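Take a look at the model below. Keep the sequence at hand while you read.

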Amino acid sequence: MNEKMTMASTRSTTNILDDVLVPRESELSSRLMRGLRSTLYARAVPIRRVELTDGETLHQPGTVDGRVYLIESGAICLENYSPNGRRTILDVLPKNDYFGEDSLPGMPSQYTPSAITPTRLIVIENAVLHSLLCNGSIFDAWQYSQVLKARRHRSLLLQHATSDSEARLAMRLLDLTQTFGTGIGRAVRIDLKLRHEDYAAMIGTTRSRVGIFLQRFTDRKMIRKGPCGAIVADPRRVVEYIMERMGLRPTG
């Protein structure tokens with residue numbers, strides 16, 4: 001504990017928050033999606049789409065797919081199941097994001113892509129992707145998006161390594177406000193409806209503990225229930241709570 005506090009004291013609050021709270025580059029993802037789609041149309045490449053219903057999976061772990069999937073609408077949950085059946089949600093991907101690039105070299109997939117709302121995907125074969133990346137602007141956006149993905153994955157690992165499950169839930173809620181949020185004054189409504197067991201699989205705890213944490217957040221006015229059970233969060237209060245849990249001072 002003393003080592004953690006000593007390290008924290010030598011770095012700025014902004015640096016530490018940046019390590020664990022890396023936002024997605026939504027504008028970059030949208031630009032990449034537009035570029036890929038317009039190039040596909042311009043080259044008259046046959047576009048294949050896959051539609052998934054809520055809860056439907058695309059393939060199982062270990063599948064060697066060799067394709068990249070662009071999320072045209074909906075949302076995809078990247079899941080992994082341990083040998084004893086414990087479910088872990090590695091990430092939740094919104095519209096305009098993509099996945100599958102990690103299996104392009106012929107490596108088996110390490111996760112199960114599952115739709116958590118009705119979802120439509122654009123399928124890009126390996127050879128087609130290589131051709132598209134010959135376009136300089138698309139290549140630049142793709143390369144930068146890969147850097148951001150790597151930073152994001154590192155940040156999620158740091159959350160699990162350095163924060164308890166309650167703090168991790170606050171961090172994931174803040175992330176969801178950025179990717180699936182609609183502004184309501186100073187608050188943000190998370191438009192993606194997730195169950196307590198989904199949050200539990202994200203942060204590595206039990207469904208009952210998620211319920212306890214959400215009640216604490218409600219008591220602190222960090223979140224409230226919105227229409228149809230949606231969570232409405234106050235990002236400022238959530239950030240203040242995360243800083244408090246990490247022993248950080250306000251940035252001013």
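The model is predicted: local features need pLDDT of at least 70, side-chain atom pairs count only at pLDDT 80 or more, and totals for chains, interfaces and linings use all residues. Residues are numbered from 1 along each chain as its sequence is written, and side-chain values use heavy atoms, without hydrogens and water.

**Cores.** A nonpolar core is a set of buried Ala, Val, Leu, Ile, Met, Phe, Trp, Tyr and Cys residues joined through side-chain atoms within 4.5 Å. Buried means under 20% relative accessible area, exposed over 50%, and partly exposed in between (1.4 Å probe, protein chains only). Helices (H or I, at least four residues) and strands (E, at least two) are DSSP runs, numbered from the N terminus.

| Core | Residues | Members include |
|---|---|---|
| Largest | 31 residues | Leu-169, Leu-173, Tyr-199, Phe-217 |
| Second, separate | 13 residues | Tyr-98, Ile-124, Leu-133, Ile-138 |

The four named in the largest core have the most contacts inside it. Helix H6 (165-180) is among its suppliers. H6 gives the most, with seven residues. Leu-169 is in contact (heavy atoms within 4.5 Å) with residues including Tyr-199, Ile-203 and Phe-217, leaving aside neighbours within four places in sequence.

**Helix H5.** H5 has 27 residues (136-162).

**Gly-74.** Gly-74 lies in strand E2 (residues 67-81). Its relative accessibility is 23%, so Gly-74 counts as partly exposed. Gly-74 and Leu-121 are 47 residues apart in sequence, yet 8.7 Å apart in space, C-alpha to C-alpha.

Methods:
The expected span of a helix is 1.5 Å times one less than its number of residues.
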